[in-house]
Amino acid sequence: MNKTTVTEIGGFAIPQNTHEDSDATIKITEITDGNIALWHEVFGDDESTIRNIVEGLKKSAKCFCAYSENKPVAQAITIPLDYDGLKGLYVYAVATKAEFRMRGYMRRILDSVREYATERILDFLIILPSDDKLRESYE
């Protein structure tokens with residue numbers, strides 16, 4: 001069963017979908033060490049490279065993250081973009097720990113990203129899946 005709760009983060013009231021049958025909580029946060037570790041685990045990128053990327057994003061990026069037992073298990077980082085007078089978000093570093101896949105966490109995260117963008121009247125969202133199998137799952 002779905003229900004909506006509101007969490008205030010950084011002065012923004014963010015409606016969030018929660019599921020009574022799930023132990024994960026979706027939050028919008030800054031990028032943390034836990035998110036860097038999840039990024040490294042899922043994609044295999046060097047942690048120092050990830051930290052360099054994150055340092056450049058620190059002021060503008062938001063991390064939509066599912067937590068289980070206070071640890072990140074799935075995430076999507078959003079980066080604000082302006083293009084030809086339009087405002088949007090690039091959805092980046094979309095990752096789920098292997099043992100938490102196929103439980104709907106990423107669907108819930110992406111639903112939260114869409115809701116966030118809609119509330120802010122953004123013009124577009126961009127996500128670039130790394131392969132065709134992932135591309136099909138986002139259609």
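Biologist: How many nonpolar, polar and charged residues are in the lining of the second largest pocket?

Modeller: That lining has five nonpolar, three polar and four charged residues. Ala, Val, Leu, Ile, Met, Phe, Trp, Tyr, Cys and Pro count as nonpolar, Asp, Glu, Lys and Arg as charged, and the others, Gly among them, as polar. This is a predicted model, in which local features need pLDDT of at least 70, side-chain atom pairs count only at pLDDT 80 or more, and totals for chains, interfaces and linings use all residues. Residues are numbered from 1 along each chain as its sequence is written, and side-chain values use heavy atoms, with hydrogens and water left out.

Biologist: Which element gives the largest share of that lining?

Modeller: Strand β5 does, with four residues.

Biologist: What comes just after α3?

Modeller: I121, which takes a positive phi of about 50°.

Biologist: And N35, is it buried or exposed?

Modeller: N35 is buried, with a relative accessible area of 0%; buried means under 20% (1.4 Å probe, protein chains only). N35 lies in helix α1 (residues 33–43).

Biologist: What is N35 in contact with?

Modeller: Leaving aside neighbours within four places in sequence, N35 contacts T29, E30, C63, C65, P72 and Q75, where contact means heavy atoms within 4.5 Å.

Key: Helix = DSSP H or I, 4+ residues; strand = E, 2+ residues; numbered from the N terminus. Buried < 20%, exposed > 50% of the residue type's maximum accessible area, 1.4 Å probe, protein only.
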